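Take a look at the model below. We begin with its pockets and end at the contact between its chains.

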Amino acid sequence: MTKATIRLNVKVKNWEEAIRKGGELLVQEDAVEQCYVDAMVRAVKELGPYIVIAPGFAMPHAKAENGVKQIAMSLLTLESPVKFGNPDNDPVKVVICLAAVDHTTHIEAMRELALLLSDSDKMSQIQSTRQVEEVLALIQA
Amino acid sequence: MNIVTVCGMGMGSSLVLKMNIDDILKRKGIKADVEACDLGSLVGKVADIVVTTYELKLQVEDKGYNVVYVRSVIDKKALEELILDAVGKLKK
């Protein structure tokens, strides 16, 4: 994750727009093709909102063969939380779109992410800050 | 003991679940192989316990596995209780 793939206080109308905006950052970074963004949206439509893996947090992703060029992540915090339809963990305030090339190379990144997610102090700081640098520092700390 | 964690793609929540379960079992000194997989690859896997989220209950419950469902993949405390309970039942 870099400065270029983080956007804070983003306005979105619904979950699909949130995924598309997060996915767009990955397209701009040349990490994925546009069809990957469509695949992330399709995954929620087909499999349900299971990508909302923790309270207030969604991790859209799709399979590598749907146009992933390199491993990458993007992060959005939303100005107003949106519902994904997950009764346990809605509404969603933080969206991290994941592009993985296989099932293992991103495992370290996921480990860091899992640690970050279980740190409620850091998560609330990420949700409230308006400084991209601060988010990066929290992730890397 | 074989534990399989499942999610839609086999690389998001199932991977986080696998890492958290690995940590829990290591801390408790319990030996197990924990593997993350996607829904499509689950059928045919040998698993003493399958772990997934409630969101995927419909897709998993009719496959004949001993399934543990979680609400949040990062709630380690709840996960630990569920896993240790399931492991304990296996040993009986």
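This is a predicted model. By class, eight nonpolar residues line the largest pocket, along with one polar and one charged residue. The lining consists of A:Met1, A:Ile71, A:Ala72, A:Met73, A:Ala109, A:Glu112, A:Leu113, A:Leu136, A:Ile139 and A:Gln140. The space inside is about 190 Å³.

Now the second largest pocket. It holds about 150 Å³ of space. Its lining has 13 residues; A:Ala43, A:Glu46, A:Leu47, A:Lys63 and B:Met9 lie nearest its centre. Two elements give two or more residues each: helix H2 (34–47) of chain A and helix H2 (39–42) of chain B. H2(A) has the largest share, with five residues. The class count here is six nonpolar, three polar and four charged.

Next comes the interface. Here 27 residues of chain A are in contact with 22 residues of chain B. The two chains bury about 2,100 Å² between them, and carbon and sulfur atoms give 67% of that area. On the chain A side, A:Tyr50, A:Ile53 and A:His103 lose the most area to chain B, together 28% of what that side buries.

What about polar links? The rule finds one salt bridge across the interface. B:Arg71 pairs with A:Asp88 in a salt bridge, with the closest N and O atoms 3.0 Å apart. Six residue pairs are in polar contact across the interface. H2 and H3 of chain A each supply at least two residues of the side that touches chain B. H3(A) gives the most, five residues. By class, that side of chain A has 17 nonpolar, six polar and four charged residues.

Definitions and conventions:
Residues are numbered from 1 along each chain as its sequence is written. Chains are lettered from A and ligands numbered from 1 in the order in which they are written. This is a predicted model: local features need pLDDT of at least 70, side-chain atom pairs count only at pLDDT 80 or more; totals for chains, interfaces and linings use all residues. Side-chain values use heavy atoms; hydrogens and water are left out. On a 1 Å grid over the protein atoms alone, a cavity is a set of points where a 1.4 Å probe fits but cannot get out, and a pocket is an open set with protein on both sides within 12 Å along at least five of seven lines; lining residues have an atom within 4 Å of a point. Grid points are joined across faces, edges and corners, and a volume is the space filled by probe spheres set on the points. Ala, Val, Leu, Ile, Met, Phe, Trp, Tyr, Cys and Pro count as nonpolar, Asp, Glu, Lys and Arg as charged, and the others, Gly among them, as polar. Helices (H or I, at least four residues) and strands (E, at least two) are DSSP runs, numbered from the N terminus. Contact means heavy atoms within 4.5 Å. Buried area is the accessible area (1.4 Å probe) that two parts lose on being put together, summed over both. A salt bridge is a side-chain nitrogen of Lys or Arg within 4 Å of a carboxyl oxygen of Asp or Glu. A polar contact is a pair of N or O atoms within 3.5 Å; within protein, one must be able to donate a hydrogen and the other to accept it, and residues adjacent in sequence count only if both atoms are side-chain atoms.
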